[in-house]
Amino acid sequence: MFGKLKDYCVNGSKILFTFEGAQEGVQPCVEVVSDWIVNVFVDYTGTGHRTRAIEGELGERLNSGVSGNAENVESVSQKENGVEINTRELTVVVGDGFLVDFYYRQGTPLSLAHRGRRTKYGAVSGQVLELLAKEGHEASAGTENDYRVQEVRSLGDADCIYGLGDKTGFLNKRAYEYEMWNSDIPDPHEDNFRALYKSIPFMMVLKEKGAYGIFFDNHNKTYFNLGKESRDYYVFGADQGNLDYYFVGGAGLKDVVSGYTSLTGRAPMQQLWALGYHQSRWGYESEEQIRQVAGKLRECGLPCDCIHFDIDYMDHYKVFTWNQETYQDAAKVISDLREMGIKAVTIIDPGVKVEKDYYVYEEGVEKGYFAKTPEGEIYVNQVWPGDAVYPDFGNPQVRTWWGGKHKFLTELGVSGVWNDMNEPASFRGPLPEDVAFTDEDAPSDHGQMHNIYGHNMAKATYEGWKGLTGKRPFVITRACYAGSQKYTTGWTGDNHSIWSHLRMAIPQLCNLGMSGMNFVGTDVGGFGSDCTPELFARWIQVGCFFPLFRNHCAIGCRVQEPWQFGEEVLAISRKYINLRYELLPYLYDLMRETEQTGIPMSRPLVLEYEQDENVRNRNDEFMLGDRMLVAPVVEQGARERMVYLPEGTWYDYWTGEKKEGGCFFVRKAPLDVCPIYVKAGAVIPKFPARLWVGEEKDSLLVLEAYPGEGTYTHYQDNGEDFAYRQGSYNEYKLVNHRGAVEVEKLHEGYRAYGKIEIRTRA
Ligand code: GLC
């Protein structure tokens, strides 16, 4: 398509290329963003970058088309095989056809462009196609798989692929194909699904030695064929927009995650209570029911910090209203819950009910804030409230307006917002691609804005909430795009109470974490279908180790609070929810690590031990931080399981038994046991168990020290607002020397713990 490379020129951080065969006015460009990050850009649309994932100074510079300074470009020179660009860490070679190869600076290849044609596959024709279609199969008549915008890159035999957000299936995405098109799918999600609620076009390749990431920053519908079409290469592409991708190199996967989040942002600290247990159900039909659930939680001695109010709390599903018939006195119920240590999080969907005199609708119509048909009429589809219109969140004024609307909730004492149906979902067929939306300062359409609709909604919510309360906003979203982690936490949508979904939760959440979305969880117990006592017991043993720990289920399905399954399961639930509360300071430390480095709190083993071949496809174990390994039971009926521990010495959390890693073994796991292992030398900061996070959070810190040697950092602040960014926090260095812990203050800016107690685990 580009033909022979004719010439190049250097402009600050950008190297621009001229090709013999390039389309008129199209000048491919390689830009050195940092030592490890290089952008590859072909401006087919003539709009320049229009990144919505990368914000702040870098995002503004990229979108303005201004070149960065040249300090990261070490050298550019013409070589035999192309133009060689050196950063301090990478060598990039650009050759004929705009084939771009990436090497470590010392010469080891990291990622090479695929040479040669794509191998077409899966095309059938004529009668067969008709027959297939009759039975409802998907098949294609075409032999042409090429996308208008496309990149084909080589795969090595041993390469594994991770990331890509919430996609179903396994940890390693190699040999599968995916689409980025935010999709509301209530049917049970299967391994072969191509799209789901979130679009995070970021993938990482782990090689035998080394790793890199590709962030394809094109928020139109995009496609990833990750070695399904051929063992030799992977393809990513789009039918619209630009070729705009970032190559993120690093010595290993962790560096790549850090690099990617240095571009798109890191998930910020949440309030401490957000790490507590959340109880939810679609179908708490009245205030009375919510009060009963709260009472029962306390009666059963179950820690809980918040109850989610699903759509029923609203008046006819109208956002920013309260159903006074069934939910009576909003402020009173919320303050009564608060007395019990339980906060309220309310759902807010984007669809605004079409109704005369409904203030949100009327205001939006008057201001022109809803999406329109190409003819200029307000576009109407249907969601929970019936006929509904869609706020045009790409317009900054709409975001400010929407954000301000949350005053209705903050004044009632609500503590956080749950953004749902923001793919956006629509019950009367999908929104046509030509529905008119705005993209910041320019007119756009649904085709281009779809994948960032949830992102922009969450951003509006976050900014509005922050302005109204000054606290760290707690937002949870279903749909999002790369970079949404700056504004929101997330959950994996409508899973089902089936064993395969419990199994899938682990790789799905681990990949989301490695894609920047750190604070995520699945609906514990499953949303659709009916949970069984055994499944619930096993699910809570997984859910309590992921950042968002929320039990949620659907109307019409078996009720799912922990006491609904008999005494045994209630006791198991209490045990794991208590453990979660004990681990709060450890979880908080990990959240701080995420904010600073981008490394997710819950992570796959491969992120810690990438050189170990046994963990590259390990779907049924994961780690909480670098010290704790969880090997849950995810098979119906199983009362033991095979555990793999990577190299080093480990301790069984429950029995204290010492285990040498690097091998598989069988661990007994009766229904109340989720096998957990702690690394030798670890210090695990803990709180005494409590019913909610509460005021007394700083009275006692327990440091649980395991035999061995290790050094860690512990972090403490008020757990609520942004004062820590001005220095109001404490940081401690914990040095474990064979179970004796020395505590040294590294930073002092917040009140000290009443007491620090060291407990040595033998
Ligand atoms: C969607 C959400 C689910 C919620 C329901 C009703 O299905 O995914 O979590 O309970 O809508 O609001």
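Guide: Here is a short chat about a few strands and one surface patch. Keep in mind that this is a predicted model.

Visitor: Start with strand 7. Is it mostly covered or open?

Guide: Mostly covered. Strand 7 spans residues 90-95, and six of its six residues are buried.

Visitor: Which residues point which way from strand 7?

Guide: L90, V92 and V94 point one way. T91, V93 and G95 point the other way. All of them are buried.

Visitor: How does strand 6 pair with strand 7, parallel or antiparallel?

Guide: Antiparallel, over four bridges. Strand 6 covers residues 82-86. A hairpin of three residues joins strand 6 to strand 7.

Visitor: What stands opposite V93?

Guide: E84 does.

Visitor: And strand 8? How many bridges join it to strand 7?

Guide: Six, and the two strands run antiparallel. Strand 8 is residues 99-104. Its L99 is the bridge partner of G95.

Visitor: What is in the turn between strand 7 and strand 8?

Guide: Three residues lie between them, making a hairpin. G97 in that turn has a positive phi of about 75°.

Visitor: New topic. Which residues make the nonpolar surface patch?

Guide: M642, F664 and V666. The patch is about 290 Å².

Visitor: Where does F664 lie?

Guide: In strand 40, residues 663-668.

Definitions and conventions: Residues are numbered from 1 along each chain as its sequence is written. This is a predicted model: local features need pLDDT of at least 70, side-chain atom pairs count only at pLDDT 80 or more; totals for chains, interfaces and linings use all residues. Side-chain values use heavy atoms; hydrogens and water are left out. Patches are made of residues with over 30% relative accessible area and no salt bridge: like charges are joined within 9 Å, nonpolar side chains (Val, Leu, Ile, Met, Phe, Trp, Tyr) within 5 Å. Accessible areas come from the Shrake-Rupley method with a 1.4 Å probe; for residues, only the protein chains shown count as cover. A salt bridge is a side-chain nitrogen of Lys or Arg within 4 Å of a carboxyl oxygen of Asp or Glu. Buried means under 20% relative accessible area, exposed over 50%, partly exposed in between (1.4 Å probe, protein chains only). Two strands pair if DSSP finds at least two bridges between them.
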